[in-house]
Each structure stands twice: as C-alpha cells, then as structure tokens.
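Dear colleague,

I am handing over the structure we spoke about, and my notes on what was found in it follow directly below. Please read them with the model open beside you.

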Amino acid sequence: ERIKNMASTNETVNKIVKILDGKKGRDIEVLNISELTTMTDYFIIVTGGSDTQVKALCDNVEEELEKEGLTPVNKEGYKTAQWILLAYDEVVVHIFLGETREFYGLERVWKDGIRVDVSDLLV
C-alpha cells in the first residue's frame with residue numbers, strides 16, 4: 001500500500017472533502033489514481049449512515065460545486081442510494097452506505113493508488 005502524506009493540491013478535491021466532512025460523511029478517503037488510469041485523477045470515497053444521508057451528501061456536493069460553475073459529467077445510483085457515483089472531470093466521488101462500501105472495497109481494488117492525507121481538512 002502506497003501512502004504519501006501529502007495534502008492534495010487539487011482545489012476541487014479539497015473543497016469536496018470539506019463539504020463531505022461538514023455534512024458528517026464518515027471515513028473520507030482520497031486516492032490519487034492519475035498514474036493508474038486516464039479516466040480521472042482522484043477518487044474520493046465516503047460513507048453515509050443511511051440512504052437519506054447518502055443522498056444528502058450527494059446533493060450538498062452538487063449544490064456547492066454548482067456555485068462555482070462545476071457540474072458533474074456523470075451521476076449514477078441516486079435512486080437506490082447504496083452507492084452514488086458523482087463524476088467531475090478530475091475527481092470521482094463515491095458515496096456509499098457502509099455495507100456497500102465494504103462489499104465493493106474500492107480501496108482494495110485501487111490499492112496501487114496513492115493515499116492522500118486530508119486530515120488537515122477535517123474538522
């Protein structure tokens with residue numbers, strides 16, 4: 001597992017982390033996967049405590065980023081709210097219910113990504 005204790009220089013990543021943390025998203029992880037894929041540079045993974053909270057986390061990210069003219073290029077899973085994927089150009093946000101996050105194990109699948117230390121962004 002590659003862990004680099006480096007904060008993200010990506011402003012969008014930092015903003016999303018703060019939004020998720022402000023809405024009580026749990027276990028926020030940021031992976032820099034830019035060396036592994038051309039699809040995106042970062043994954044942000046977060047857990048919500050209920051399907052209502054999963055939707056609220058998604059809504060909040062969308063609303064706050066829209067104020068800056070950023071709209072997702074893709075959004076999936078909102079109706080069932082087990083795993084919502086919110087894709088922006090260089091950042092993909094994965095908002096999970098706890099058991100769904102464990103089942104899919106994105107951190108394991110993308111273990112070669114570089115874990116970004118966002119602890120200084122969390123309240």
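Which residues does threonine 100 touch, not counting those up to four places away in sequence? Before the reply, please keep in mind that this is a predicted model. The residues that threonine 100 touches, on that count, are Gln82 and Trp83. Threonine 100 itself belongs to helix α3, which covers residues 98-104, and because its relative accessibility is 9%, under the 20% limit, it counts as buried.

A search of the whole structure finds 4 aromatic pairs. One of them is formed by tryptophan 83 and phenylalanine 96, a tilted pair with 4.7 Å from centre to centre and 35° between the planes. Since tryptophan 83 lies in strand β5 and phenylalanine 96 in strand β6, this pair ties together parts that are 13 residues apart in sequence. Tyrosine 104, at 40% relative accessibility, counts as partly exposed. Ring pairs link Trp83, Phe96, Phe103 and Tyr104 into a cluster.

Strand β6 deserves a paragraph of its own. Why can β6 be called largely enclosed by the rest of the structure? The reason is that 7 of the 7 residues of β6 are buried. Both of its faces are covered, with Val91, Val93, Ile95 and Leu97 buried on one side and Val92, His94 and Phe96 buried on the other. As for its partners, β3 and β6 run parallel and are joined by 7 bridges, and within this pairing threonine 47 has phenylalanine 96 of β6 as its bridge partner. Strands β5 and β6 run antiparallel and are joined by 5 bridges, with leucine 85 standing opposite histidine 94 of β6, and a hairpin of 3 residues connects β5 to β6.

To return to valine 17, its contacts beyond the neighbours within four places in sequence are Ile28, Val30, Ile44, Val118, Leu121 and Leu122.

The charged end of lysine 75 sits over the ring of tyrosine 78, at 4.4 Å from the ring centre. Threonine 38 is found in the loop between β2 and β3, and because its relative accessibility is 85%, it counts as exposed. The C-alpha atoms of threonine 38 and glutamate 90 are separated by 9.6 Å, although these residues are 52 residues apart along the chain.

With best wishes

Note on methods:
Residues numbered from 1 in each chain as written. Predicted model: local features only at pLDDT ≥ 70, side-chain atom pairs only at ≥ 80, totals over all residues. Heavy atoms only, no water. Helix = DSSP H or I, 4+ residues; strand = E, 2+ residues; numbered from the N terminus. Buried < 20%, exposed > 50% of the residue type's maximum accessible area, 1.4 Å probe, protein only. Contact = heavy atoms within 4.5 Å. Phe/Tyr/Trp six-rings, centres within 6.5 Å; stacked < 30°, edge-to-face > 60°. Lys NZ or Arg CZ within 6 Å of the ring centre and 35° of its normal. Pairing = 2+ DSSP bridges.
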